[in-house]
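User: I am new to reading protein models. Please take a close look at one helix, and then set it in its surroundings.

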Amino acid sequence: MNILKELKISAVLTLVLLVICCGIYPVFIFGAGQLFFPEKANGSLVYDSDGKPIASTLLAQAFTADRYFNPRPSAAGSNGYDPTSSGGSNLGSTSQSLHDAVKQRVADYRKANNLPDSQPVPADAVEASGSGLDPHISIKNALLQMPRVAKARGLNNDALKKLVDQYTDGRDFGLLGEPGVNIIKLNLALDGKYK
Amino acid sequence: MNNILGWIQLALYLGVLLLVTKPLGLYLIEVLDPRGRTWLDPLLRPVERFTYRLAGIDPEKEQSWKHYTISMLAFSLVTMLVTYLMLRLQGKLPLNPQGFANVPDHLAFNTAASFATNTNWQSYGGESTMSYLSQMVALTSQNFFSAAVGIAIAAALVRGIARHCADTIGNFWIDLVRITYYLLLPICVVFAIFLISQGMIQNFKPYDSAALTEKETVQVPKTDANGNQVKDAQGNVITVPQVIDTQSIVEGPMASQVAMKMLGTNGGGYTNANAAHPFENPTPLSNFIQMLSFIAISSAMTYYLGRMVKSPGHGWSVWAAMALMFLGGFLVCWHYETVGNPILIQLGVDPADGNMEGKEVRFGLMNSTLFATLTTDASCGAVNAMHDSFTPLGGLVPLFNIQLGEVVFGGVGAGLYGMLVFVIVAVFIAGLMVGRTPEYLGKKIQSFEVKMSMLVLLVLAMDILGFTAWACVSDWGKAGLNNQGPHGFSEMLYAFTSATGNNGSAFAGLTASTYWYDTTLAFAMLIGRFLMIVPIMAIAGSLAAKKLIPPGPGSFPVSGATFTFLLIGTVLLVGALNFLPALALGPVVEHFLMWSGKTF
């Protein structure tokens, strides 16, 4: 046994494995992705009429106006919804900052949606997501926001409900995960920018 | 209704895991035998032979435990250096469309140690620090290597147990190459393409800039030419309005990296949010398959153990002990996250929703807590929800899972060799209780094996508690905290637990990208990996050399329910004795404070 020999084998083997595992393999996956699922492999982007990207259907953006369904609170980046700084608030259950933030959001949510003080507010509407980019809101949350959006757009509730249903991602196979309304698709569809 | 669907998903998960355990275990037997046959032979045999020739490896030669260990250490050292250098030189290397700078020395050291030890602790945010080349080569390479090393060590230990009067336990180089080629790569190819089908990205274009539908004006601190904040006469920061009209959409070769990150229980995310990120875990189905992928190999390793030592029942008994400990942890975590945070419920949050802070809607409570339990059982460390924002007892589960030594399925290979240390301790305790010389599968367990096992357990406890205590009394330790009160202590405890256990998940509020944290955590990881492997390899060598004693009426049976519960008891007892005092100071006291409405 000779340490130098071990190091030499290590170096050569590392080189060979780098070529295979970090060269051929990822490039092969790149090719397969571009061939079979080009839209997804490139970020599930939505384009405007000029062909410029306006959103990814998987990443939340800040929609604050009454005429849009509002996303979940975001702690990604200093202003939220920043995909280059994904993450949660990481505030623990006994955090005063969390307490203050949620208190404010509950009040804002009730006011924006004209809800009585006795109305429990959906947790996902006032608690920040893990990624800060969660494109979904719970169905309960969407239905509470619906009258506000309908009023702001002069739509009737039934027509809007149909759209909400259309952009609800159900459980996979009717079993896995939780259903959620994709507000990026829904809001852009309301503006006629997504079909 | 939700609860019923939750139980069905749990049953489905365990059912599928059970189903893949035997076929994958059988496949492992072929992969870990240099003369084994697989259906991929026609394609991969020539590549395998060519690799041996190029690297000067003699495929006919086996190694002693010392030789095996030194080969492993040499390989880990070389690959860690490669990763370190690539990160340090990032700014000068290609495939860096965002123009990220060289990674600073302490962060590069921490990251290289982290990925080489299969920890994948991340003091950085991937999407704002790492170039495509760093992600694809410097980090993904270690996802392969550290996983293969873990499986190789476990295989060597199992050979040590299975053989008698032998002075070799296999050849490290052959194990490494065969595991990479026949096990990891083929699964990754299929897995990565599946992930893209769910919405994961795989490209090499620069980040896209999306024009926002709703532009936003924010106040940002005014800076002078040097980037320093400008203050007015009263010392207040002057702010200027800034319009945000674009969203920068992260791109890059994600799927190829994430497939291996999961399969190899590495867990180091492409993005900062890891598997909570909608790109990195787009659907509940991708979530389900990811959870399966990082347990599957560890689960199959128990079957491999059973078959190799010609006692399939022993393998299944170890599996049962792991599954039961997983179930216990999961039910506690699920329960407390469902109950939620009374402080927020008091403010008007719907009590039916549980604790959604740091969780994603598409996963909900059940799949977030299931992922959190599994990722800490498995030494994976990927997260699909922020553990820092779990309720105190919900967050205690991932923490305690790691403190048990990552033996509940555990990291690939690492879970099995860790668990076998507990098996030796359990057999020793059983021997003491009945007053006989302890035996394990026909081998006498003597003072050397017990000493080495105790060394492993002591390293685990001292590494975690020692570093945590140091951080607690140091300014650098407290400077990084995101939370105050007992939760702040939990953040530090979790960091060093995760590093030592080579898990990599975090109470991520802790700012660890400082000189002190990066360095101490890197050493905690290196100790937690290599100071455990060396005594374990010594056990492998010692067991391989022993004579086989035919089982007698006094031999303690290592399969069946009695053994399973003895093993669970041993793991829980050691874990509880070591860590209950620390846990009482962190999550437990925070739990009671939360219910009395106290905030910090």
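Analyst: Helix α9 of chain B is mostly covered, with 21 of its 25 residues buried. Keep in mind that this is a predicted model.

Start with the length of the helix. α9(B) runs over residues 284-308. Its end C-alpha atoms lie 36 Å apart. That agrees with expectation, because 25 residues at 1.5 Å a residue should span 36 Å. Now look along the helix. At B:Ala296, α9(B) bends by about 35°. Then follow the chain past the helix. B:Lys310 comes after α9(B), and its phi is positive, near 55°.

For a contrast, move to a loop of chain B. B:Val237 sits in the loop between β1 (208-221) and β2 (239-249). Is B:Val237 buried, exposed or partly exposed? Count the C-beta atoms around it. B:Val237 has 13 others within 10 Å, so it is partly exposed. A buried residue needs 20 or more, and an exposed one has 12 or fewer. Leave aside residues up to four places away in sequence. B:Val237 then touches B:Pro221, B:Gln229 and B:Lys231.

Next, see how chain B meets chain A. Here 106 residues of chain B are in contact with 89 residues of chain A. On the chain B side, helix α7 (residues 172-198) gives the most, with 9 residues. That side of chain B divides into 53 nonpolar, 39 polar and 14 charged residues.

Finally, turn to chain A itself. Chain A has 7 helices and 5 strands. From the N terminus on, their order is α-α-β-β-α-α-β-α-α-β-β-α. The domain assignment gives domain 1 (3-41) and domain 2 (45-190). Taken over C-alpha atoms, the centres of these two domains of chain A are separated by 39 Å.

What is the overall span of the chain A trace along its principal axes? The C-alpha trace of chain A spans about 80 × 45 × 35 Å. The radius of gyration of chain A is 23 Å, whereas a compact globule of 195 residues would have one near 16 Å. Of the 195 residues of chain A, 49% count as buried. Consider also the contacts in chain A with a separation of 6 or more. Residues 24 or more positions apart account for 53% of them.

Notes. Residues are numbered from 1 along each chain as its sequence is written. Chains are lettered from A and ligands numbered from 1 in the order in which they are written. This is a predicted model: local features need pLDDT of at least 70, side-chain atom pairs count only at pLDDT 80 or more; totals for chains, interfaces and linings use all residues. Two residues are in contact if their C-beta atoms, placed from the backbone, lie within 7 Å. Helices (H or I, at least four residues) and strands (E, at least two) are DSSP runs, numbered from the N terminus. Ala, Val, Leu, Ile, Met, Phe, Trp, Tyr, Cys and Pro count as nonpolar, Asp, Glu, Lys and Arg as charged, and the others, Gly among them, as polar. Domain bounds come from an automatic or database domain assignment. The radius of gyration is taken over C-alpha atoms; the globule rule is 2.2 Å times the number of residues to the power 0.38. The expected span of a helix is 1.5 Å times one less than its number of residues. The bend at a residue is the angle between axes fitted to the seven residues ending there and the seven starting there.
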